[in-house]
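Visitor: Could you walk me through this one? I'd like to begin with charged pairs and then move on to other topics.

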Amino acid sequence: MSGAIFSDDDRHFMRVALSLSRRGLGNVWPNPAVGCVIVSGEGEIVGRGWTRPGGRPHAERVALDQAGAHARGATAYVTLEPCSHYGKSPPCALGLIEAGVSRVISALEDPDPRVCGRGHQMLADAGIVVQTGLLASEAHAHNAGFLLRVGAGRPLVTLKLAGSLDGRSSLANGASQWITGSHAREKGHFYRANHDAILVGANTVLADNPDLRCRIVGREHHSPVRIILDRTVRVSPDCNLARSADETPTWLFVASEHKSLAEKNFAKTAVKVLSARCADGHFDLHDVLHVLAEQGLTRILVESGGALAAALLQQDLVDRIIHFQAPGIIGADGRGIIAELGLQNLAHMPRFTRQSVDAVGQDFLISYAKITD
């Protein structure tokens with residue numbers, strides 16, 4: 001099934017499927033964001049699909065319904081192995097078999113233990129030609145959150161930074177509106193829209209009383225989950241996040257010994273209270289992310305102050321960084337976008353590889369990814 005030779009047409013159609021898969025990012029958890037394209041023997045796309053909000057219907061089912069009878073004898077390009085198990089809907093592998101496709105090309109094998117090669121085997125056993133590995137690295141990047149959740153028991157963590165040329169997030173008195181321009185702030189809402197949740201610390205809530213909802217036209221009512229780390233329950237149930245929790249899901253993390261107090265304080269709100277291990281007066285962020293993965297989340301956007309950003313970096317839990325850099329200087333008396341890391345050796349400096357640099361109005365948006373072995 002692997003080791004296949006792919007044509008330029010195969011690569012083109014898989015790129016179309018990958019483009020479709022991105023439409024599901026941020027609104028399909030706990031499922032992966034999958035894209036599917038069904039192409040007739042004449043090279044015509046007869047069906048397009050991507051995973052729909054909430055994770056169903058799956059991309060293959062959407063594409064097959066669109067293709068109808070034209071799926072017989074066609075090739076299906078799928079960004080992740082079709083599922084093979086019965087859940088709330090029948091297996092996608094079975095749907096492809098029943099539709100009569102002759103060939104299935106997938107980018108990745110699904111690591112979910114309920115699938116993990118079984119979908120490909122089911123297709124092959126039915127006489128369908130199965131080829132895998134086409135544009136695998138691109139597909140892995142698209143679904144890194146789902147793959148991390150299944151493989152490492154935690155979601156993908158993207159750290160959003162915004163500051164001046166000299167790395168300052170605010171003046172010494174805390175004033176920060178606005179260091180970056182309107183185009184950068186609008187772009188920030190795009191990132192909110194394609195993540196499952198936004199994570200902030202209690203200090204950010206106490207200082208800014210943010211709303212954290214997505215203000216992109218068409219996504220106002222599909223904002224990501226908002227998560228507050230508040231070990232000792234300092235945040236008020238009158239804050240904006242708690243008051244709007246009945247409209248946009250809001251989760252509050254506290255230390256285990258403070259969970260009863262938090263549930264009492266927020267009893268009249270729709271806030272969901274969760275707990276995680278703590279040590280030396282700080283959250284065990286590995287445990288926080290593990291709990292979030294158990295809740296089904298795959299992609300977390302961190303919009304915190306410098307302290308939480310530093311803690312995540314110290315624990316090697318930042319997978320990607322999006323850095324909005326404004327063309328201005330604040331000076332050493334301003335607050336840094338990252339708090340102290342306590343480094344004694346440059347060899348221990350967290351390092352990332354630059355992925356892209358884009359102009360966003362007068363600001364720059366620089367994207368980074370963790371350097372992996």
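Guide: In this predicted model, the side chains of E303 and K160 meet in a salt bridge, at 3.9 Å from N to O. E303 sits in the loop between β14 (299-302) and α12 (306-314) while K160 belongs to strand β6 (residues 156-163), so the pair ties together parts that are 143 residues apart in sequence.

Visitor: Are E303 and K160 buried or exposed?

Guide: Both E303 and K160 are buried; for E303 the relative accessible area is 12%.

Visitor: And which residue does R192 form a salt bridge with?

Guide: R192 pairs with E303, and their closest N and O atoms are 2.9 Å apart. Because R192 lies in helix α7 (residues 182-193) and E303 in the loop between β14 and α12, this pair links parts that are 111 residues apart in sequence. R192 is buried too, with a relative accessible area of 9%.

Visitor: What about R61, which partner does that one have?

Guide: R61 forms a salt bridge with D65, where the closest N and O atoms are 3.1 Å apart. These two residues are four apart in helix α2, which means that about one helical turn separates them. R61 counts as partly exposed at 36% relative accessibility, whereas D65 is exposed, with a relative accessible area of 54%.

Visitor: How many salt bridges does the structure hold?

Guide: There are 13 salt bridges in the structure.

Visitor: Switching topic: in what order do the five strands of the open sheet come?

Guide: The order is β2-β1-β3-β4-β5, and the pairing is mixed. β2 and β5 (129-132) stand at the edges with a single partner strand each, so one side of each has no neighbour in the sheet. From one strand to the next, the twist averages 15 degrees.

Visitor: How do β3 and β4 run, and how many bridges join them?

Guide: β3 and β4 run parallel and are joined by four bridges, and A76 stands opposite V104 in β4. Helix α4 (residues 118-125) packs on the sheet, where it touches β4 and β5, and its direction makes about 150 degrees with that of β5.

Visitor: Last topic, the largest nonpolar core: which residues touch the most other members?

Guide: Those are M14 and I38, in a core of 40 residues. Among the elements that each supply at least two residues of this core are α1 (8-21), β1 (35-39) and α6 (144-152), and the largest share, six residues, comes from α1.

Visitor: What is M14 in contact with, leaving aside its neighbours within four places in sequence?

Guide: The contacts of M14 include Y77, V78, I105, L134 and L135. A second, separate core has 30 residues, including F253, L274, L289 and I321.

Definitions and conventions: Residues numbered from 1 in each chain as written. Predicted model: local features only at pLDDT ≥ 70, side-chain atom pairs only at ≥ 80, totals over all residues. Heavy atoms only, no water. Core = buried A, V, L, I, M, F, W, Y, C linked by side-chain atoms within 4.5 Å. Buried < 20%, exposed > 50% of the residue type's maximum accessible area, 1.4 Å probe, protein only. Contact = heavy atoms within 4.5 Å. Pairing = 2+ DSSP bridges. Axes fitted to C-alpha atoms, helices over the stretch in contact; angles between N-to-C directions. Salt bridge = Lys/Arg side-chain N within 4 Å of Asp/Glu carboxyl O.
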